[in-house]
Amino acid sequence: MISVTGLSYHYGSVPILRDISLDIPRGGVTALVGPNGAGKSTLLGLIARLMPLQSGRVIVDDLNVATTPSDVLARKLAILPQASDVATRLTVGELISFGRYPHHKGRPTEQDRAKIKNAVETFELSQFVDRTLDSLSGGQRQRAQVAMTFAQDTDFVLLDEPLNNLDIAASRSLMKLLRRVAHEHNRTVVTVLHDINYACAYADHMVTIKSGQLGPAGVPSDVVSNDMLKSVFNTDAQVVQTNGRTLVQV
């Protein structure tokens, strides 16, 4: 479980997060949703220690994120930021192999190679393994970066808007893969999603954030309502039930 207590964060004098306390359950997919500028990416970055905590505490299982050595934390938690600078002349295989560095520190073993192979196969990248990133579509490249994170073999995987710039086919394919990986490989995937309908379709748990403060959280079908859309997103979009699934009309 990821436990966040009393977390606040400011950019200069501007408050971004205000006294956030929540527990993210172990296992499955948790979606962080909310309007632009709500603080979702900042929360994810603080959990992963991409930036120093200003106040509050983050515990991942039994590890205090603020004080845990980086190499230990990297074997427990992996993150793919929204802006991920990667050399486009790398091959897919080379990129995914970087996910094993926290384990082998530059001396890969047979176990590391097996984990890389497993990540390639799990994310259906075998036919691209020797191709450079600049020869791939946006969806294929994004899938390769997520596969690198998966190869890190951590219990917790944090993804910041992994569907950015993906078309509907690539988005559906990646979300299906993430849900399958979370459930079949016993991973906890925490992802920032821009489209609430993807959260409804693929997440087990949803956390809403508005103006740096928590809104409703829980099972998506319980969280998503006309009232929630109005209070969190300031929209009068309507929630409908279609074939037993919750859907926000656009």
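Tutor: The sheet is open and has 4 strands in the order E2-E1-E4-E5, with antiparallel pairing. Strands (E, at least two residues) and helices (H or I, at least four residues) are DSSP runs, numbered from the N terminus. Two strands pair if DSSP finds at least two bridges between them. The edges of the sheet are strand E2 (14–24) and strand E5 (63–64), each of which pairs on one side only. Strand E4 (residues 55–60) runs antiparallel to E5 and is joined to E5 by 2 bridges. Across this pair, Ile59 stands opposite Asn64 in E5. Helix H1 (residues 40–47) packs on the sheet and touches strand E1 (2–11), E2 and E4, where contact means heavy atoms within 4.5 Å. The direction of H1 makes about 120° with that of E1; axes are lines fitted to C-alpha atoms, for helices over the stretch in contact, and angles run from 0 to 180 degrees between N-to-C directions.

The model is predicted: local features need pLDDT of at least 70 and side-chain atom pairs count only at pLDDT 80 or more, while totals for chains, interfaces and linings use all residues. Residues are numbered from 1 along each chain as its sequence is written, and side-chain values use heavy atoms, with hydrogens and water left out.

Beyond this sheet, consider strand E9. Strand E9 (residues 205–210) is mostly covered, with 5 of its 6 residues buried, buried being under 20% relative accessible area with a 1.4 Å probe, protein chains only. Strand E3 (residues 28–33) pairs with E9 in the parallel sense over 4 bridges, and here Ala31 stands opposite Met206 in E9. E9 also pairs with strand E10 (residues 213–218), in the antiparallel sense and over 4 bridges. In that pair Lys210 stands opposite Gln213 in E10. E9 and E10 form a hairpin with 2 residues between them, and Ser211 in the turn has a positive phi of about 50°. In a regular strand the side chains alternate between the two faces of the sheet.

The axes of helix H5 (residues 110–122) and helix H6 (residues 138–151) come within 9 Å and cross at roughly 140°. H5 and H6 are therefore oblique to each other, since angles under 35 degrees count as roughly parallel, over 145 as roughly antiparallel, 65 to 115 as roughly perpendicular and the rest as oblique. The contact is made by Lys115, Asn118, Ala119 and Thr122 of H5 and Ala147, Phe150 and Ala151 of H6.

Methods
Buried < 20%, exposed > 50% of the residue type's maximum accessible area, 1.4 Å probe, protein only.
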